[in-house]
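Here is a short briefing to read alongside the fold. Have the viewer open and follow along, topic by topic.

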Amino acid sequence: MSSSEAFQNLVEATLLAAPDVSALVGDRVYEVAPPTDRRNYPDVTFGPSDGTDEDADCIDGEEHVLQIDIWDRNFGRKSRLKRIADAVRLVLHNAELDMPDPYALALIEVSRVRILDDPDGITVHGVVSVRAIIETYA
């Protein structure tokens with residue numbers, strides 16, 4: 001398993017296990033959003049991610065940035081979406097989380113939260129950017 005996949009799996013498991021997040025979205029945390037005709041809002045999906053080398057002093061490391069997308073259809077109202085984005089931020093920012101071997105999470109932080117209107121006028125979109133430094137041990 002790559003460090004990127006391990007990181008996304010950790011974030012997904014953390015969100016699903018967090019009472020403040022699950023109280024708002026239930027178990028609707030998806031890698032890919034369900035088809036529109038079977039979709040229940042609000043939900044959380046994973047957006048783009050990227051990674052770069054972050055080696056230092058004989059430690060193999062990578063920096064990963066993962067976009068978490070939050071979607072709600074509440075007739076354009078943003079209040080519930082903002083509560084979900086804040087719950088996601090609180091559970092992930094500076095969290096002490098364990099990754100599977102051979103990886104270790106040196107840092108995790110929420111670097112940005114954005115709330116956007118969708119062009120349809122009823123859907124709102126939250127974007128939470130999560131940055132992590134992951135070390136790899138041989």
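Helices (H or I, at least four residues) and strands (E, at least two) are DSSP runs, numbered from the N terminus. By that count, the chain has three helices and five strands, and their order along the sequence is α-α-β-β-β-α-β-β. The radius of gyration is 16 Å, close to the 14 Å that the globule rule gives for 138 residues, so the chain is as compact as a globular protein of that length. Here the radius of gyration is taken over C-alpha atoms, and the globule rule is 2.2 Å times the number of residues to the power 0.38.

Please keep in mind that this is a predicted model, in which local features need pLDDT of at least 70 and side-chain atom pairs count only at pLDDT 80 or more, while totals for chains, interfaces and linings use all residues. Residues are numbered from 1 along each chain as its sequence is written, and side-chain values use heavy atoms, with hydrogens and water left out.

**Overall build**
- Along the principal axes, the C-alpha atoms fill a box of roughly 55 × 25 × 25 Å.
- Of the 138 residues, 39% are buried (under 20% relative accessible area, 1.4 Å probe, protein chains only).
- Among contacts (heavy atoms within 4.5 Å) with a separation of 6 or more, 59% are between residues 24 or more positions apart.

**Surface and charge**
- The accessible surface (Shrake-Rupley method, 1.4 Å probe) comes to about 7,600 Å², and carbon and sulfur atoms account for 46% of that.
- The chain carries 13 positive and 26 negative charges, with mean positions 16 Å apart.
- For this tally, Lys and Arg are positive, Asp and Glu are negative, and His and the chain ends are not counted; each charge is placed at NZ of Lys, CZ of Arg, CG of Asp or CD of Glu.

- E4 and strand E5 (residues 123-136) run antiparallel and are joined by 13 bridges; strands pair if DSSP finds at least two bridges between them.
- Ile108 stands opposite Ala132 in E5.
- Five residues lie between the two strands of the hairpin, where Gly121 takes a positive phi near 85°.

**Backbone details in the loops**
- Tyr41 and Pro42 are linked by a cis peptide bond with omega near -5°, and Pro42 sits in the loop between strand E1 (29-30) and strand E2 (43-53).
- The bond from Asp101 to Pro102 is also cis, with omega about 10°; Pro102 belongs to the loop between helix H3 (79-92) and strand E4 (103-117).
- Asn94, in the loop between H3 and E4, has a positive phi near 60° although it is not a glycine.

Definitions and conventions: Buried means under 20% relative accessible area, exposed over 50%, partly exposed in between (1.4 Å probe, protein chains only).
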